[in-house]
Amino acid sequence: MPGPEVLLYGLPLAFLAGFIDAVAGGGGTITLPTLFFMGLSPAQVVATNKLMAIFGSASATVQYWRKGHVDLALIVRLVPLALIGSAFGAYLVRFVNPDAFRTLIGVVILAVGALVLVNKRFGLEDHYPGLTARTLALTLPGAFIIGIYDGFLGPGTGTFLMFLFALTGFNLVGASGNARAINFATNLGAFIFFFIGGKMVFWIGLPMGIANALGATVGARMAMLRGSAFVKWIYGGIVLVVAARLFLGS
């Protein structure tokens, strides 16, 4: 078991992960390797990361919600499907090797990122029509499918959620806010599961969770201050990082 000195680098990295995750998702690309480097077992890494994640996703969700960038009427309809999908995805891992799909998902997420960046106007303006039949036809199955991916493999879940909400008509700030709200719900569900399993390292996860929440608060406020154009380029960078992680199988 590592000593308390690991927090000297763990805390600033948790803050950075919270900042990035609140803007464009992908904070796990920082926190998971950090926890591994600390010397935790794989089970402890996954469980402790979820402990941290509920701090950051909750903080970011509150910031976006306070400024009107979370559509609660839509979110409450999507959260149950995302949770069911995540549980189903976790069940599928028993029968299918996730490594077989890493390259495919890496290609898909690069294509998504390219579409967002090449289309100069994509996500820069808000065209959300409300809870129309088209909105529900796109988001209900989308939340379920992304939930399956989250439980089955995981990296880039927030990135895919942002793309789903942007397709629905939200600008990228609104897409980020709604994605964080879904992430909070799925993180909370996973947290309960891992808490019962007893693998969390609380003396690491709690202080890093607070640092993650502070970073998420700064990141969400920065995203709302700078607007969708700022979020768009951060999003593009996160796509590359997540794709690299998938291709390398880490």
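Axes are lines fitted to C-alpha atoms, for helices over the stretch in contact, and the angles between them run from 0 to 180 degrees between N-to-C directions. Helices (H or I, at least four residues) are DSSP runs, numbered from the N terminus. The structure is a predicted model, in which local features need pLDDT of at least 70 and side-chain atom pairs count only at pLDDT 80 or more, while totals for chains, interfaces and linings use all residues. Residues are numbered from 1 along each chain as its sequence is written, and side-chain values use heavy atoms, with hydrogens and water left out.

**Helix α10 and its partners**

Helix α2 (residues 28–37) packs with α10 at an angle of about 45 degrees, and their axes are 10 Å apart. This angle makes α2 oblique to α10, where angles under 35 degrees count as roughly parallel, over 145 as roughly antiparallel, 65 to 115 as roughly perpendicular and the rest as oblique. Gly28, Thr29 and Leu32 of α2 meet Val241, Val242 and Arg245 of α10, contact meaning heavy atoms within 4.5 Å.

Helix α5 (residues 99–118) also has an axis that comes within 8 Å of that of α10 (residues 228–248), and the two cross at roughly 165 degrees. α5 is therefore roughly antiparallel to α10. Among the residues of α5 that meet α10 are Ile105, Gly106, Ile109 and Val112, and the α10 side includes Trp233, Tyr235, Gly236 and Val239.

Helix α3 (residues 42–66) has 25 residues and reaches 36 Å from its first C-alpha to its last, close to the 36 Å expected at 1.5 Å a residue, where the expected span is 1.5 Å times one less than the number of residues. Just after α3, Gly68 takes a positive phi of about 80 degrees. Gln63 lies in α3 and is buried, with a relative accessible area of 9%; buried means under 20% relative accessible area, exposed over 50%, and partly exposed in between (1.4 Å probe, protein chains only). Leaving aside neighbours within four places in sequence, Gln63 is in contact with Thr217, Ala220, Arg221 and Met224.

**Ala175 in helix α8**

Ala175 is found in helix α8 (residues 172–197) and counts as buried at 0% relative accessibility. Apart from neighbours within four places in sequence, Ala175 is in contact with Met162, Phe165, Ala166 and Phe170.
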